[in-house]
Amino acid sequence: MTWLLWLMVVTGLATPASALELDAARLIDLTHAFDADTIYWPTAKPFLLEPVAHGVTPGGWWYAANNFCAAEHGGTHLDAPIHFAADRWTADQVPLERLVGPALVVDLSEKAARDADALLTRADLDGFEAERGVIPPGTIVLVRTGWDRWWDDRAHYLGTAVPGDTAHLHFPGVAGEAAAWLTTARRIRAVGIDTASIDRGASVDFRAHRAFANANTPIFENLTNLGALPAQGAVFIGLPMKIGGGSGGPLRAVALLP
Ligand SMILES: [Zn+2]
């Protein structure tokens, strides 16, 4: 027993936040698998897994290994601020504190079901706050559009399944004015969405990307399972590959439910 633990036992202090609390929590995977079917931007290199070994070696033991190759921006991934703003954080520079934190889930799924070009607007956020209270600074705002249910249908998920076609993208996103307001009036920690981009597919000026990036706000895209999260109370953990100088990268995102 360490002296600290001994001190806590004799003084009756609770054990520190530790494995005990983690065991009681429920983990939700918010990540799509990376494989040959993973959706990437129409102009990006898709995920490629190149087998190196898979079998019993001449020595008699099992050995499996692969090489992989992929664009930074595809599948469940991070957009580092440098993606859309000069002199902002690269993937490896984003502080861990910006990748882990309390999450609020803003549900846009009804609006999105009616309109593939739906935007999360200031009015939607006002409505959310009227119901749930003011979004505290340091929140990770997760925008649920329900689009993850089209993940296996690329044409529906993106609006087009044609490689290289960025002229016919249709999926919901966040309005530029809403993004700017979240970074300035609410000083959120990070933002995430269950579509291919924080700007809607039809966007030509990427105002949401630019507003978040300018404020050094990390963006998580192509999340899944946001419908399994409560509107408030979850902790989001989004740990991207730490690519030196990267503009983003593959991400393993999970939520911790109380
Ligand atoms: Zn991206």
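## Close-up views of a predicted model

View 1. The largest nonpolar core takes in 56 residues, and Ala103, Val141, Leu142 and Val174 are the ones that touch the most other members. Keep in mind that this is a predicted model. What does leucine 142 touch, once residues up to four places away in sequence are set aside? Its partners are Ala103, Leu104, Val105, Gly192, Leu223, Leu226, Leu229 and Phe236.

**View 2. The whole chain, for orientation.** Seven helices and 12 strands make up the secondary structure here. The C-alpha trace spans about 65 × 65 × 35 Å along its principal axes. How does the radius of gyration sit with a compact globule of 258 residues? Such a globule would come out near 18 Å and the chain has 20 Å, so the two agree. Of the 258 residues, 37% are buried. Contacts between residues 24 or more positions apart account for 75% of those with a separation of 6 or more.

**View 3. Helix H6 and its buried face.** Zoom in on H6, residues 176-184, and pick out its buried residues: Gly176, Ala178, Ala179 and Leu182. Looking down the axis of H6, these buried residues fall within an arc of 165 degrees, so they line one face of the helix. As a reminder, an α-helix has 3.6 residues a turn, so residues three or four places apart point the same way. And what covers the buried residues of H6? The cover includes strands S6 (119-120), S7 (140-144), S8 (173-174) and S9 (190-193), and helices H4 and H7 (207-214) also belong to it.

**View 4. Leucine 125 in helix H4.** H4 runs over residues 122-132, and leucine 125 is found in it.

**View 5. Arginine 26 in strand S1.** Now for a contrasting spot: arginine 26 has its place in strand S1, residues 26-29. Arginine 26 has 10 other C-beta atoms within 10 Å, so it is exposed; the cut-off for that is 12 or fewer.

Methods:
Residues numbered from 1 in each chain as written. Predicted model: local features only at pLDDT ≥ 70, side-chain atom pairs only at ≥ 80, totals over all residues. Helix = DSSP H or I, 4+ residues; strand = E, 2+ residues; numbered from the N terminus. Rg over C-alpha atoms; globule rule 2.2 N^0.38 Å. Buried ≥ 20, exposed ≤ 12 C-beta atoms within 10 Å, placed from the backbone. Contact = placed C-beta atoms within 7 Å. Core = buried A, V, L, I, M, F, W, Y, C linked by C-beta atoms within 7 Å. Arc of directions from axis to C-beta.
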